[in-house]
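The sequence and the model come first, and my notes follow.

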Amino acid sequence: MYPVSNMTNIAKGLEGVLFTESKLTFINGSEGILTHLGIPIQEWAEKSTFEELSLALLDGELPTAEELAKFDAQLRANRAIPDKLIEEIASFPKNANPMQALRTAVSYLGLFDPQSEDVSQEARREISIRLIAQFATIIAAIARAREGQEIIAPRADLTHAGNFLYMLNGKEPSPEQARLFDIALILHADHGMNASTFTAIATSSTISDMYSCIVSAIGALKGPLHGGANEQVMVMLDEVGTPDKAEAYITKKLDNKEKIMGVGHRVYKYFDPRSRVLRDYAAMVADKEGKSNYYQILETIEKTVVDRIGSKGIYPNVDFYSGTVYSDLGIKKEYFTPIFALARISGWCASVIEYSKDNRLLRPDAVYTGLTDQHYKDLKDRQ
Ligand code: ACO
């Protein structure tokens with residue numbers, strides 16, 4: 001018999017397991033608090049920009065005006081991607097999942113970066129700046145190519161959010177649209193040790209290169225229990241159809257023990273603060289456009305879910321309202337998860353840089369529950 005370790009020590013899903021220290025993001029799940037560098041997410045959303053939050057996360061401190069201007073200029077100067085990559089993206093199968101396309105494109109991009117194998121802190125930071133800038137160009141190009149439209153080159157005179165919407169939709173967004181998208185990016189930029197950030201760190205802990213870390217993270221974000229949930233919320237809204245059918249739809253799903261997308265969170269056992277900010281903007285847009293069906297359906301779903309399973313700590317998460325905001329900006333649901341990545345790239349890069357400062361190889365363990373004292377049987381002797 002092999003020695004069997006204590007089964008009660010298993011932390012399934014690594015819930016509550018502390019594996020490192022971080023100065024970037026604090027979350028209090030029971031009270032619905034989220035801060036970056038100690039500053040509440042609501043203040044970042046109201047007063048800052050995605051560019052500023054990205055730099056603050058990368059460097060672990062609020063930048064000065066001069067530092068921010070330099071970083072902003074670096075982002076603008078690094079938006080273009082290699083022609084070869086544009087050709088590749090244009091040739092991707094039209095039915096390929098956009099996250100698969102993003103994963104492939106970022107991996108391909110790494111082949112053209114002469115610094116890609118440099119794992120020093122300086123190189124990791126420089127690559128991060130390029131990745132933050134180029135994610136926007138890559139994701140817009142993937143969407144345009146999939147839709148059979150011409151790929152649009154980036155413009156240096158627009159903000160990060162404004163330029164992305166321009167490259168995606170083919171026309172310059174209004175300042176209000178660009179700001180709304182900027183806020184959505186801020187809300188998704190970082191969220192502590194979520195599955196994709198943890199995956200990026202796990203890869204970096206082997207002293208692997210930045211592109212490998214980010215490609216791993218994209219794979220983790222792709223799943224419906226993580227970044228894929230916002231797309232699934234829109235699928236649900238289309239299934240519901242009209243607001244009067246929402247309560248019965250949710251009740252039936254809950255009776256059948258099915259999961260409702262966009263609600264529940266491993267950490268938040270109360271309202272995810274990001275969902276509150278997005279709800280306010282979704283309401284504002286819906287009011288302006290004349291109360292969209294989607295917003296009214298979501299309001300009913302939220303009420304039904306909170307009444308039925310709020311006592312289990314199940315409340316709307318960030319994905320619940322983000323889809324309607326994106327949809328109001330003219331973005332199709334297939335691109336919601338890549339847009340999540342467009343924001344989270346900052347958190348991934350910042351977390352890899354922070355962890356690499358005091359790296360330790362991640363290597364957890366499992367309790368062995370398999371057979372013991374066996375011997376190899378020849379194929380011919382097996383039934
Ligand atoms: N709909 C209905 N019931 C739910 C939901 C849901 N979305 N989420 C959890 N529950 C129920 C569970 O069935 C369980 O009920 P039980 O105690 O009667 O068995 C109870 O609430 C506790 O749920 P757990 O599964 O233990 O919660 P966990 O922390 O593992 O799940 C998760 C978190 C995976 C996010 C889950 O809530 C879920 O699948 N949500 C839907 C997908 C989603 O929106 N993901 C996005 C997360 S946020 C992000 O990644 C940005």
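Which residues are buried in α2? I found Phe50, Glu51, Leu53, Ser54, Leu55, Ala56, Leu57 and Leu58, where buried stands for 20 or more other C-beta atoms within 10 Å of a residue's own, exposed for 12 or fewer and partly exposed for anything in between, with C-beta atoms placed from the backbone.

**Ground rules.** I am working from a predicted model, in which local features need pLDDT of at least 70 and side-chain atom pairs count only at pLDDT 80 or more, while totals for chains, interfaces and linings use all residues. I number residues from 1 along each chain as its sequence is written.

**Helix α2.** I noted that α2 spans residues 50-59 and is mostly covered, with 8 of its 10 residues buried. Helices (H or I, at least four residues) and strands (E, at least two) are DSSP runs, numbered from the N terminus. Glycine 60 follows α2 and has a positive phi, near 70 degrees.

**Sheet.** I then traced an open sheet of 3 strands in the order β1-β2-β3, with antiparallel pairing; strands count as paired if DSSP finds at least two bridges between them. β1 (25-28) and β3 (39-40) are at the edges with a single partner strand each, so one side of each has no neighbour in the sheet. Between β1 and β2 I counted 4 bridges in the antiparallel sense, and phenylalanine 26 stands opposite threonine 35 in β2. These two strands, β1 and β2, form a hairpin with 4 residues between them, and glycine 32 in the turn has a positive phi of about 70 degrees. β2 is joined to β3, again antiparallel, by 2 bridges, with histidine 36 opposite isoleucine 39 in β3.

**Domains.** The chain is divided into domain 1 (25-223 + 332-356) and domain 2 (229-328), with bounds that come from an automatic or database domain assignment. I read 26 Å between the C-alpha centres of domain 1 and domain 2. The contact takes 20 residues from domain 1 and 19 residues from domain 2, two residues being in contact if their C-beta atoms, placed from the backbone, lie within 7 Å. On the side of domain 1 that touches domain 2, the elements giving two or more residues are β2 (33-36), α1 (41-47), α8 (175-188) and α16 (336-356), and α8 provides the largest share, 5 residues.

**Core.** I looked next at the largest nonpolar core, which has 108 residues, and Leu102, Ile139, Ile142, Ile214 and Leu342 touch the most other members. Such a core is a set of buried Ala, Val, Leu, Ile, Met, Phe, Trp, Tyr and Cys residues joined through C-beta atoms within 7 Å. Both domain 1 and domain 2 give residues to this core, so it lies between them. Leaving out residues up to four places away in sequence, I found leucine 102 touching Ile138, Ile139, Ile142, Ile218, Pro338 and Ala341.

**Threonine 206.** I placed threonine 206 in the loop between α9 (195-204) and α10 (210-221). Is threonine 206 buried or exposed? Threonine 206 is exposed, because 12 other C-beta atoms lie within 10 Å. From alanine 69, threonine 206 is 137 residues away in sequence and 34 Å away in space, C-alpha to C-alpha.
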